[in-house]
Amino acid sequence: MYLLLLLVLDIVEEMERVGLRVLQDHGVTDNIRLGLFLSMNCRCGFHRRPWHTIGHLHLHCIGLPFKNCFSKLSHSSPFFVSISKVKQ
């Protein structure tokens, strides 16, 4: 079980690195270092129910600010878990 958790954590960390790199490539912020947030211009995480509707693991990496209220609601607590919470 411990090995499985480590493997999943490695996958999540790689997903985060790729997502942050994509955000950088799209000019969301110049203040992101891979693996370390230095800016609040983005949000990375996973949906919780009732917004969890896709059956496979996928990470949301979003440039801020949100453009509409629905996006803000669906990507905020309690419906959204940040990548830092997952790592704990």
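Let's start inside: Leu23 is buried, at a relative accessible area of 8%, where buried means under 20% relative accessible area, exposed over 50%, and partly exposed in between (1.4 Å probe, protein chains only). Leu23 belongs to helix H1; helices (H or I, at least four residues) and strands (E, at least two) are DSSP runs, numbered from the N terminus. From Leu23 to Cys42 the chain covers 19 residues, yet their C-alpha atoms are 8.0 Å apart in space.

Before going further, a word on what you're looking at. This is a predicted model, so local features need pLDDT of at least 70 and side-chain atom pairs count only at pLDDT 80 or more, while totals for chains, interfaces and linings use all residues. Residues are numbered from 1 along each chain as its sequence is written, and side-chain values use heavy atoms, with hydrogens and water left out. As for pLDDT, it is the predictor's confidence in each residue, from 0 to 100. The protein chain averages 76, and 77% of the residues score at least 70. Go by element and strand E2 (residues 36-37) has the lowest mean pLDDT, 50, whereas E4 has the highest, 86. Where pLDDT is low, the predicted coordinates should not be read in detail.

Now the overall layout. The protein chain holds 3 helices and 5 strands, and from the N terminus on they run α-β-β-β-β-α-β-α. Of its 88 residues, 24% are buried.

Back to helix H1, which spans residues 2-25 and includes Leu7. Leu7 is partly exposed, with a relative accessible area of 49%. Together with Ile11 and Leu57, Leu7 forms a nonpolar patch on the surface, about 280 Å² of accessible area in all. Such patches are made of residues with over 30% relative accessible area and no salt bridge, with like charges joined within 9 Å and nonpolar side chains (Val, Leu, Ile, Met, Phe, Trp, Tyr) within 5 Å. The areas come from the Shrake-Rupley method with a 1.4 Å probe, and for residues only the protein chains shown count as cover.

The same helix H1 also carries Glu14 and Arg17, 3 residues apart, about one turn of the helix. These two form a salt bridge, their closest N and O atoms being 2.9 Å apart; the term means a side-chain nitrogen of Lys or Arg within 4 Å of a carboxyl oxygen of Asp or Glu. A search of the whole structure finds 1 salt bridge. Side chains of opposite charge can pair when their charged atoms come close. Glu14 is partly exposed at 36% relative accessible area, and Arg17 is partly exposed too, at 32%.

Two strands count as paired if DSSP finds at least two bridges between them.

What does E3 look like up close? Strand E3 covers residues 42-47 and pairs with E5 in the antiparallel sense over 3 bridges, with Gly45 having Ser82 as its bridge partner in E5. On the E4 side, 4 bridges join the two antiparallel strands E3 and E4, and Cys42 stands opposite Gly63 in E4. 5 of the 6 residues of E3 are buried, so this strand is largely enclosed by the rest of the structure.

Finally, take Ser77, in the loop between helix H2 (69-74) and E5. Ser77 counts as exposed, at 64% relative accessibility. Ser77 and His47 are 30 residues apart in sequence and 9.3 Å apart in space, C-alpha to C-alpha.
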